[in-house]
Amino acid sequence: CCVVSSCFRAGEEEQQAQSKKALKKQQKEAEKAAKKAEKQAKLVSVRQETPVVFDVFSLRLCLSLSWIEADRPLVRVQDLTPEKAEQQIWVRARIHTSRAKGKQCFLVLRHQQFTVQALLAVGDRASKQMVKFAANLTKESIIDVEAVVKKVEQKIESCSQQDVELHVERIFVISQSEARLPLQLEDAVRPEGEGDEVRKVDLIIINLHRNLNTTTSQAIFRLQSGICQLFRDTLINKGFVEIQTPKIISAASEGGANVFTVSYFKTSAYLAQSPQLYKQMCICADFDKVFCVGPVFRAEDSNTHRHLTEFVGLDIEMAFNYHYHEVMDSITDTMVQIFKGLCDRFQTEIQTVNKQYPSEPFKFLEPTLRLEYKEAVAMLKAAGVEMGDEEDLSTPNEKLLGRLVKEKYDTDFYVLDKYPLAVRPFYTMPDPNNPKYSNSYDMFMRGEEILSGAQRIHDAQLLTERAMHHSIDLEKIKAYIDSFRYGAPPHAGGGIGLERVTMLYLGLHNVRQTSMFPRDPKRLTP
Amino acid sequence: MPMYKVKPVSPGDIKIDLPTCMYKLPNTHAQGMNCGEHALQNGEVDPALKALEERQDEVLRRLYELKATVDGLAKTVTTPDADLDASTLSRGPAESVFRGTADLDSLLGKDLGALRDIVINANPAHPPLSLLVLHALLCQRYQVLSSVHVHSSVSVVPPPLLSCLGPRHIDSYARQRFQLGFTLIWKDVSKLQMKFNTQSMCPIEGEANVARFLFRLLSAEPQDPLAATQMDCWIDTAVFQLAEVGSKEHAAVLRSLNSALGCSPWLLGQEFSLADIVCACCVLRAGQTTSAAANIQRWLKSCQNLGHFDCVNPLLQ
């Protein structure tokens, strides 16, 4: 009977325990309800403040995002500086990385080349659910955050904005990214090792839309845009006129071998290899100084680091008064102004690219160094190369010459004047003082050729002779020769490739890195 | 009692003749062989051997002679004026400066068809005045293609420095017509540097050394060693001690200049030389020439009158 009583007592205790448990459960539920009520109240108050915001954090705010016109200004990541300390601002950026640690979540937000650290901690502004939500957001998603800018004592070395961090109060997702990325961003940004080059380039191009987002790509293409703009500005200041030339033409301008054919209604036409013909026609029409920026198509089956089948050509043509050196000086001065402009205005971009692809800064002389072909041959012979006096320079010889010039004059950019006539196209004007040479020139950056130019023959008779000497069918170039029959001023010019110039200025090694959507014999997409 | 018995296969008492000698060679000393080679065993000496001995003696003797000479030289070097009597040095007629003909091929090496371009990298903060004077002198002797460039490491260069080599030559479009190139590049360098033939020459540093190189191209070096040494001495004094204005060294050098110029119109005597060029440029660069001693002022005036210093004046303002 003691057992019974103890059981009974146990039962009682159990009951008591039960009720204790039940009490606890009730308490918990009450708490939860209270919290929920609080939350609801908060929501209501938030809703009352900004009737459009649903929540403190939310997924997929609204796909189109165009159903409100908010006055809310968004601050760019690159403008987050200590001056904005203690300000509450909105930022739109991508999630570069996110890392959760207990009650805190560290995010690195990125916009173009700029990154900033953001901190989300459980507290009176953020709930645990919110921190968990932030930690689970996929990388590369675009988000809006409302945060307070805080100064930091220790510099944050891994971000571009090193003196501040954001303390996040609200976070919304504008566009979510899929979880599995085709190319990890770190891989795309890591400096290249040996043997990696070809495969890496392929990988990067396949995932181009992803790769264009890296800080380095942003920097490269901003710089390229700068080159184009400086080219235009400098020439317009010199009194040049920009022209547009057709790209579908009836006859191959440079030679029949490397030209793309397109079907043109019942016949076929060609894609322009250069705007040569049309530039010259404009000079004959007394425009005096013209330039054009447009695509150039070369069907060369060369799979090298510096050839593309389609690239952007920046071409110049100019009439001169007495000597073609006037044109050559004008072109070299334009190049020097471009280099100076890049150095002055694009230092951030140059440094960003250098971090991933280190290289020597680009050096040049003003006025530009001009050497003659004979001197170059003598320099090469002194260095042990065997070549004929009228032989063209092979690519390794050009590179060696570039190194010799760099050693003696400390410049990465120079002009080689007076090439032998035999290795130049038929429309090149021969040198009046020496029939074996011509009034033509090439310009080199870091030992690689970027421009091939010359004084053009402006006399129809001489042009016909030279064409016959080169066994060119006169019928095909009849229109071209005709344009010089009715008075043509003496003129000269040349053209550069935008991608190649960008590549060589930055010291990169593959022109596909500086072409947004490169085209070569093996690549047609994206 | 053995278990098995086998008949012996071979008798155990065969005597085997074991060899004691591994290899056998014919006896060279045996009688009856050709003794022609051994005729000299009787104390006569083989003529070939004799010749060898004589050669060895000869070599040893020459060695001793050399050793004696070197010892003698060592003595003369360590004890000054031991073997050198300065009074016996011929004071030959001082070579008339700037009037000798020069053969660039012998001075600078064979012409390979390239313009012989002398490249000088100078800092625009310290323009090398003496080199500008020498450039003017070179232009009188040879056809010189001069050009001035500004390197990308320097942002702004004052206009007088851009035109310091004079107006552009009419024929400058045809580089091959010139014998010598003089390319001055204003660059951010700590020390003035000259590059000529990068394959066979290292760069020359320092204004004084480049000045000596350019002066030699004029074939106007003083022929007698005394004058040459004095010239070098003046150049070094100017470059190292005339640098700081107002220092005691500076004043001391000016005093010695004054006294030297009291005896002769130029520092080396009757002829204008590189010492005058370098010293005058250092004095002019230091400034305060109006307060200098009488002899120095007269000397500076003479330098100006020669006309070579015209290029320097616009840079002194």
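How many aromatic pairs are there over all chains? The count comes to 17 aromatic pairs, where rings of Phe, Tyr and Trp (its six-membered ring) pair if their centres lie within 6.5 Å. Planes under 30 degrees apart count as stacked, over 60 as edge-to-face and the rest as tilted.

Before we look at examples, note that this is a predicted model, in which local features need pLDDT of at least 70 and side-chain atom pairs count only at pLDDT 80 or more, while totals for chains, interfaces and linings use all residues. Residues are numbered from 1 along each chain as its sequence is written, chains are lettered from A in the order in which they are written, and side-chain values use heavy atoms, with hydrogens and water left out.

**Aromatic rings in chain A**

Here are two of the pairs:

| Pair | Ring centres apart | Angle between planes | Kind |
|---|---|---|---|
| A:Trp90 and A:Phe172 | 6.2 Å | 25° | stacked |
| A:Phe426 and A:Tyr427 | 5.5 Å | 75° | edge-to-face |

A:Trp90 has another neighbour: A:Arg72 lies over its face, at 3.7 Å from the ring centre. Likewise, the charged end of A:Arg424 sits over the ring of A:Tyr419, 4.3 Å from its centre. For this, NZ of Lys or CZ of Arg must be within 6 Å of the ring centre and within 35 degrees of the ring normal. Elsewhere, A:Phe339, A:Phe362, A:Phe364, A:Phe413 and A:Tyr505 form one aromatic cluster.

**Where chain B meets chain A**

In chain B, 25 residues are in contact with 25 residues of chain A (heavy atoms within 4.5 Å). About 2,100 Å² is buried between the two chains, with carbon and sulfur atoms giving 49%; this is the accessible area (1.4 Å probe) lost on putting the two parts together, summed over both. B:His149, B:Tyr173 and B:Arg175 lose the most area in chain B, together 26% of what that side buries.

There is one salt bridge between the chains (a side-chain nitrogen of Lys or Arg within 4 Å of a carboxyl oxygen of Asp or Glu). B:Lys187 forms a salt bridge with A:Asp410, with the closest N and O atoms 2.6 Å apart.
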